[in-house]
Amino acid sequence: MTSPASISSRIIEGLYCEALVLTDEVRSAFAPSAAANRSDQDDEATVALSCEALRTTTRMMQAVAWLLNHRAFLAGELSEFQLRRYGQLHPCASADPARLPLLPPEMRELIGETERFHARLMRLDAGWRSQAADQAVDLPNPPQRLHGRARG
């Protein structure tokens with residue numbers, strides 16, 4: 001597993017660059033002008049395109065936000081407490097298997113890439129969170145601390 005200290009700036013920067021490239025590809029693929037070029041689609045395909053565009057862009061924005069939080073932590077702009085409390089990556093909805101076949105193959109592949117990228121970040125996040133939990137010092141709760149101070 002990975003600790004916050006072992007998620008190096010080099011790893012985060014590499015993932016961040018990958019996320020930016022992938023996000024730009026998503027933006028281009030789902031841009032309104034690109035969708036207008038597919039005007040021959042039926043209503044089902046248009047709905048599928050809209051739904052998957054929302055899922056895919058949300059997935060990538062969550063990934064970029066997670067990476068930005070880690071960059072801020074590594075730059076000393078966030079404490080580890082702030083990162084752990086507010087910087088958790090949450091699961092994101094997967095593509096709808098019923099609607100996915102209505103999209104062009106290159107778009108399905110791009111959606112799959114974003115799902116795999118997000119899953120990688122989820123594993124990284126879960127790994128360092130579980131290791132930190134294993135390393136947590138067993139501190140007494142506030143009433144126990146007060147009781148100890150009163151006795152001694």
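**Figure 1. Histidine 70 in helix H3 of the predicted model.** In this predicted model, histidine 70 is buried, its relative accessible area being 2%, and the residue belongs to helix H3. Once neighbours within four places in sequence are set aside, the residues in contact with histidine 70 are Ile7, Ile12, Leu83 and Trp128. Arginine 84 lies 14 residues away along the chain from histidine 70, and the C-alpha atoms of the two are separated by 9.9 Å.

Figure 2. The side chain of arginine 71 meets that of glutamate 13 in a salt bridge, with an N to O distance of 2.6 Å. Because arginine 71 lies in helix H3 (residues 43–74) and glutamate 13 in helix H1 (residues 9–30), the pair ties together parts that are 58 residues apart in sequence. Both partners are partly exposed, arginine 71 with a relative accessible area of 28% and glutamate 13 at 31% relative accessibility. Arginine 71 also lies over the face of tyrosine 16, at 4.1 Å from the ring centre.

Figure 3. Aspartate 24 is partly exposed, with 40% as its relative accessible area. Glutamate 80, at a relative accessible area of 36%, is partly exposed.

**Figure 4. The largest nonpolar core and the surroundings of leucine 67.** The largest nonpolar core has 29 residues, of which Phe30, Trp66, Leu67, Met107, Phe117 and Leu121 touch the most other members. At least two residues of this core are supplied by each of H1, H3 and helix H5 (105–135), and H3 gives the largest share, with 9 residues. In soluble globular proteins, nonpolar side chains tend to be buried together. For leucine 67, residues up to four places away in sequence are not counted, and the residues touched are Ile12, Leu15, Tyr16, Ala19, Phe117 and Leu121. By the rule applied to ring pairs, the count of aromatic pairs comes to 0.

**Figure 5. Isoleucine 111 in helix H5.** Isoleucine 111 is found in helix H5 and counts as buried, at 0% relative accessibility. Leaving aside neighbours within four places in sequence, isoleucine 111 is in contact with nonpolar and other residues that include Phe30, Ala95, Leu100 and Leu103, as well as Glu52, Thr56 and Arg59. Arginine 59 is 52 residues from isoleucine 111 in sequence, and their C-alpha atoms are 9.6 Å apart in space.

**Figure 6. Cysteine 17 and cysteine 92.** The structure holds 0 disulfides. Cysteine 17 counts as partly exposed, at 45% relative accessibility, and cysteine 92, at 21% relative accessibility, also counts as partly exposed.

Figure 7. The secondary structure of the protein comes to 6 helices and 0 strands, so that the order of elements from the N terminus on reads α-α-α-α-α-α. Of the 152 residues in the protein, 34% are buried. Where contacts join residues at least 6 apart in sequence, 82% of them join residues at least 24 apart.

Technical notes:
Residues numbered from 1 in each chain as written. Predicted model: local features only at pLDDT ≥ 70, side-chain atom pairs only at ≥ 80, totals over all residues. Heavy atoms only, no water. Disulfide = S-S within 2.5 Å. Buried < 20%, exposed > 50% of the residue type's maximum accessible area, 1.4 Å probe, protein only. Salt bridge = Lys/Arg side-chain N within 4 Å of Asp/Glu carboxyl O. Helix = DSSP H or I, 4+ residues; strand = E, 2+ residues; numbered from the N terminus. Core = buried A, V, L, I, M, F, W, Y, C linked by side-chain atoms within 4.5 Å. Contact = heavy atoms within 4.5 Å. Phe/Tyr/Trp six-rings, centres within 6.5 Å; stacked < 30°, edge-to-face > 60°. Lys NZ or Arg CZ within 6 Å of the ring centre and 35° of its normal.
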